[in-house]
Amino acid sequence: MPDPGAARSFWLEEALRHDPGEPCPPLDANVVADVCIVGGGFAGLWTAVRLGEREPGLRIALVEQDIVGGGASGRNGGFFSSSWWDLPALTGLFGEWEGLRYALALADSVAEARAFCATNGIDCWFHLDGAMGVRAGPWQEGISRRSAIDLCARLGYGDRMIALSAAETRDRADSPTFVGGAFIRDAAVVQPARLARGLRRLLLERGVRIYERTRVAGVDRSRPAVVRTDHGAVRADRVVLTHGSWAAGWRDFARSFSVIVDYIVVTEPIPDRLEEIGWTSQMGIADGREWLYYLRPTDDGRIAIGGGADGVVFGGRASGRAVTHDRRVAEVAARGLLRMFPQLEGTRFTHAWGGPIDQTPAFVPFYRTLEPGTIHAGLGYSGHGLSQTYVGGKILASTVLGVDDQWTSLAVNRPETVKAPPEPLRWPAVKVIASALERGDAREDAGKRRGVVNELLGLGPIGLRERYVARRQ
Ligand SMILES: Cc1cc2nc3c(=O)[nH]c(=O)nc-3n(C[C@H](O)[C@H](O)[C@H](O)COP(=O)(O)OP(=O)(O)OC[C@H]3O[C@@H](n4cnc5c(N)ncnc54)[C@H](O)[C@@H]3O)c2cc1C
């Protein structure tokens, strides 16, 4: 396995080879826009798409410190998921009707995004073949949990998430570790960097000005606001902040979320071996550990797998070496594949990389307007941003345009409800919990008990969310 951090993600490399796109030079002057978007990930890109569709004459500028897709959006697992597995938590957080309404919006976003890509010539390997949550060991529950399946059924969506026997999971992908699971019909996988770069191309065609390699140093809260960069500024009536994990380094968001780090590794092309294990569709798989593994095939016959362990970042240092160069965490991901599919022993890994995740205590994003009322933030997509940013783009576009509609009325459209602990306490606290979760998973894999300390510490983040949910009920 190559060292992580030596290159960009497999996805971004592949996408840039496929279509490098026209250059978007850095900002080197003072310019004027109606709306300035900070951050060229999915949250910013979808917001720009919706704004342009709803008000075609709007002058939109998008400022990105790296290149579009250089952040989490070009480095993730590519699971474009409906969230039926999380329905109990969503209904707990937002109430039954509102939780279901958000889950439906996320589910609808999958098919809608696929149609959007087809209509606009974005070839991003979009496959709506479903996702399988597996119990890769009798101790696991994870995304195939019974409470989610039962709640889907009770609310009239029993066809979206169905229980699978051990044999049925192994029919879809033959791992000797699978003892059961669930199939989520309306989930997809994509090549995420092709999607980000495809949206970039579309926005340029539609007249959006994109400035790459331009870091925003701050936003003056004047009317109009001034978005300051090293060699120029954008004076804009409205500003949208979608700068992901990096926002944790800004005072306004210092306690909005923790930044954790996931690593992904990709195998060499192994189409024959995929065939041998019977994994012949483009279905994604996730297991039921505390630090779950998620894996999916690629269009060129590889497997990409991430998870199994996480790194933790101090404050908002989302570009630091902990995010890009942690070989230990990347190796945990690689080992996860061979544990799940021992038949793949001897397979080479050709790519490894890490990316930051803006993990809120409630595990859902937040939307907040800053003084003087013209600066809107959409952040905290908590490792599940593909469908959530699609919906987030609609929420942010309506907010910017001052429209009250079915998007702004979604219950998720609200500021943070629980704050993350401040630094310097946060980093050690999250680190201890992350280690306990990982250690507990490793012990259970080895047929041992999780251990009381691991169990108690591991309850930390989930316990916090559940206590919050219980308080609301
Ligand atoms: C390894 C990994 C695996 C994941 N797997 C999945 C998955 O399978 N499915 C899923 O739904 N989600 C997944 N996620 C999460 C998903 O990638 C994110 O939720 C989503 O991409 C968030 O989009 P965003 O636009 O908010 O952030 P980003 O894509 O990070 O975009 C923010 C952008 O802002 C830019 N920026 C930051 N600061 C500044 C500044 N000061 N000036 C200018 N620009 C700035 C950054 O460079 C970045 O490009 C994963 C994440 C990681 C890291």
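Of the 41 residues around the ligand in this predicted model, Gly 41, Gly 71, Gly 77, Gly 355 and Gly 385 come nearest, where a residue is near a molecule if its C-beta atom, placed from the backbone, lies within 6 Å of it. Two or more residues of this shell are contributed by each of helix H2 (42–54), strand S12 (258–267), strand S17 (349–359) and H11; helices (H or I, at least four residues) and strands (E, at least two) are DSSP runs, numbered from the N terminus. By class, the shell comprises 14 nonpolar, 22 polar and five charged residues. In this classification Ala, Val, Leu, Ile, Met, Phe, Trp, Tyr, Cys and Pro count as nonpolar, Asp, Glu, Lys and Arg as charged, and the others, Gly among them, as polar. Residues are numbered from 1 along each chain as its sequence is written. In this predicted model, local features need pLDDT of at least 70 and side-chain atom pairs count only at pLDDT 80 or more, while totals for chains, interfaces and linings use all residues.

Helix H11 covers residues 385–401, and its end C-alpha atoms are 23 Å apart, in agreement with the 24 Å that its 17 residues should span at 1.5 Å a residue; the expected span is 1.5 Å times one less than the number of residues. Of these 17 residues, 16 are buried, that is, 20 or more other C-beta atoms lie within 10 Å of their own, with C-beta atoms placed from the backbone. Gly 402, which follows H11, has a positive phi near 70°.

The protein is divided into domain 1 (10–401) and domain 2 (426–472), with bounds that come from an automatic or database domain assignment. The domain centres, taken over C-alpha atoms, are separated by 24 Å. In total, 17 residues of domain 1 are in contact with 16 residues of domain 2, contact requiring C-beta atoms, placed from the backbone, within 7 Å. On the side of domain 1 that touches domain 2, H3 and S12 are the elements that give two or more residues, and H3 gives the most, with three. This side has 11 nonpolar, three polar and three charged residues.

Helix H3 (residues 87–94) is itself mostly covered, with six of its eight residues buried: Leu 87, Ala 89, Leu 90, Thr 91, Leu 93 and Phe 94. Gly 95 follows H3 and has a positive phi, near 90°.

Overall, the protein contains 13 helices and 19 strands, and 55% of its 473 residues count as buried.

Terms used:
Buried ≥ 20, exposed ≤ 12 C-beta atoms within 10 Å, placed from the backbone. Contact = placed C-beta atoms within 7 Å.
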